[in-house]
Amino acid sequence: MAKAVKINHVALIVSNLEEACEFYEKEMGLEPLPAFLFDYPTAFFKFNEEQQLHLTEWEDTYSFRGHVCVQVDDFNTIFYRMKELGVIDITPWGKVRQLPDGAMQMFVRDPSGNLVEISSAPGSQIAPEIFEDELYKAGIYVSGRNDFRGYKSADATLYHDRT
């Protein structure tokens with residue numbers, strides 16, 4: 001049986017390609033890459049040597065909770081910038097949190113309304129003021145659904161290579 005081995009790219013549908021490109025390049029620090037010569041508006045961005053973000057403009061319906069998670073190298077700076085922009089969205093998954101593995105987590109909306117989870121690596125230095133901010137809440141998100149199906153563990157992490 002064949003096995004999926006990694007995520008090559010994530011494609012997000014946007015309502016305005018230029019606004020989305022500016023957000024991902026200027027606010028998220030992603031590097032633009034050449035895209036194929038498609039007959040529709042599209043842009044490719046580089047996360048690292050193996051992963052990309054593809055943006056394409058269509059009139060589609062956007063997901064409320066579905067998201068892509070992006071690890072950042074400086075959670076403090078991006079938290080304050082996203083707060084300044086007013087794009088932190090606590091509605092679908094709750095407030096900014098520190099996960100049990102130590103990673104920080106917040107959700108923001110890009111200019112098209114796509115939900116983007118922003119995460120720090122476990123052990124990253126987090127400004128103490130963030131833990132006092134009105135957008136922060138301790139503990140993991142609780143939906144109140146009390147449906148415990150799935151693969152779960154007290155040792156779960158977003159980062160497989162943590163030590």
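Five bridges join β5 to β8 in this predicted model, and the two strands run parallel; strands are taken here as DSSP runs of E with at least two residues, helices as runs of H or I with at least four residues, both numbered from the N terminus, and two strands count as paired if DSSP finds at least two bridges between them. Within this pairing, Cys69 stands opposite Glu117 in β8. The pair belongs to an open sheet of four strands, arranged in the order β5-β8-β7-β6 with mixed pairing. Because β5 and β6 (97–98) each have a single partner strand, they stand at the edges of the sheet, and one side of each is left without a neighbour in it. In general, the strands of a sheet pair through backbone hydrogen bonds, in either a parallel or an antiparallel sense. Helix α2 lies across β7 and β8 and runs at about 35 degrees to β7, where axes are lines fitted to C-alpha atoms, for helices over the stretch in contact, and angles run from 0 to 180 degrees between N-to-C directions.

As the model is predicted, local features require a pLDDT of at least 70 and side-chain atom pairs count only at pLDDT 80 or more, whereas totals for chains, interfaces and linings use all residues. Residues are numbered from 1 along each chain as its sequence is written, and side-chain values use heavy atoms, with hydrogens and water left out.

A further open sheet of four strands has the order β1-β4-β3-β2, and its pairing is mixed. Six bridges hold β1 and β4 in a parallel pairing, in which Thr56 of β4 is the bridge partner of Ile13. Helix α1 packs on the sheet, touching β1, β2, β3 and β4, and its direction makes about 160 degrees with that of β4; a contact means heavy atoms within 4.5 Å.

The largest nonpolar core contains 33 residues, and those with the most contacts inside it are Leu55, Phe75, Met106 and Ile118. Such a core is a set of buried Ala, Val, Leu, Ile, Met, Phe, Trp, Tyr and Cys residues joined through side-chain atoms within 4.5 Å, with buried meaning under 20% relative accessible area, exposed over 50%, and partly exposed in between (1.4 Å probe, protein chains only). Elements giving two or more residues to this core include α1 (17–27), β4 (52–57), α2 (75–85) and β8 (115–119), and α1 provides the largest share, five residues. Residues up to four places away in sequence aside, Phe75 touches Val96, Met104, Gln105, Met106, Ile118, Ser119, Ser120, Ile126 and Ile130.

For the chain as a whole, the secondary structure comes to two helices and eight strands, which follow the pattern β-α-β-β-β-β-α-β-β-β along the sequence. Buried residues make up 36% of the 163 residues. Of the contacts with a separation of 6 or more, 62% are accounted for by residues 24 or more positions apart. In the segment after β8 lies Asn146, whose phi is near 50 degrees, a positive value in a residue other than glycine; Asn146 is exposed, with a relative accessible area of 64%.
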